[in-house]
Amino acid sequence: MTSTSTPPGLPRFNALEEHAALAVLHEACASTAWARRLTAARPYATAEELFTASDAAMAELTAADLAEAMAGHPPIGRPKPGDPTSAREQRGMAGVSDELRTEMLELNLAYQEKFGHVFLICATGRTGEQMRDAVKERIGNSPEQEREIVRVELGKINRIRLARLVEEEA
């Protein structure tokens, strides 16, 4: 393996003090258990090794850990003010019609009423209409089905966020 195959941000991440690594990971995912597991498994030789560890940690999260992770995500259509990550990921909702924005708000509220947490989807690359259609489809799921779908969606989001982390220039 050549040095060019290791993203410049990965060695820097591997070298962070534990508290700093936990803080960086908490920005990617609000689950403390997930962040602790990834921090404890350092150093990572490749980004793929980090992604695999993330997937394994996500698979082991309890319902409470998943709830903690979801609490770090704003509702679709309402990114956190001043948060460029949230705005970038929800870009598909930017510029949608007022009608679609209102419909999404109503669907978010109905979903939250049923499941007790925000509708979570890996929004990167999705249009507002695709996200609306997804919430309409998923609102009919059982809580157990939805928890596993959320786990998969969180895993996708975490991979995207981790890729950005390890690809950053030192």
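The face of helix α2 turned away from its buried side carries His19 and Glu27, both exposed. Exposed means over 50% relative accessible area, buried under 20%, and partly exposed in between (1.4 Å probe, protein chains only). This is a predicted model, in which local features need pLDDT of at least 70, side-chain atom pairs count only at pLDDT 80 or more, and totals for chains, interfaces and linings use all residues. Residues are numbered from 1 along each chain as its sequence is written, and side-chain values use heavy atoms, with hydrogens and water left out.

Helices (H or I, at least four residues) are DSSP runs, numbered from the N terminus. Two of them are set out below.

| α2 (residues 18-28) | Ala21, Leu25, Ala28 | 40° |

The arc is taken from the directions between the helix axis and the C-beta atoms. An α-helix has 3.6 residues a turn, so residues three or four places apart point the same way.

Contact means heavy atoms within 4.5 Å. The cover over the buried residues of α2 includes α1 (9-15), α3 and α9.

Ala110 belongs to helix α7 (residues 98-115). Ala110 counts as partly exposed because its relative accessibility is 35%. Its C-alpha atom is separated by 25 Å from that of Asp83, 27 residues apart along the chain.

Conventions: Helix = DSSP H or I, 4+ residues; strand = E, 2+ residues; numbered from the N terminus.
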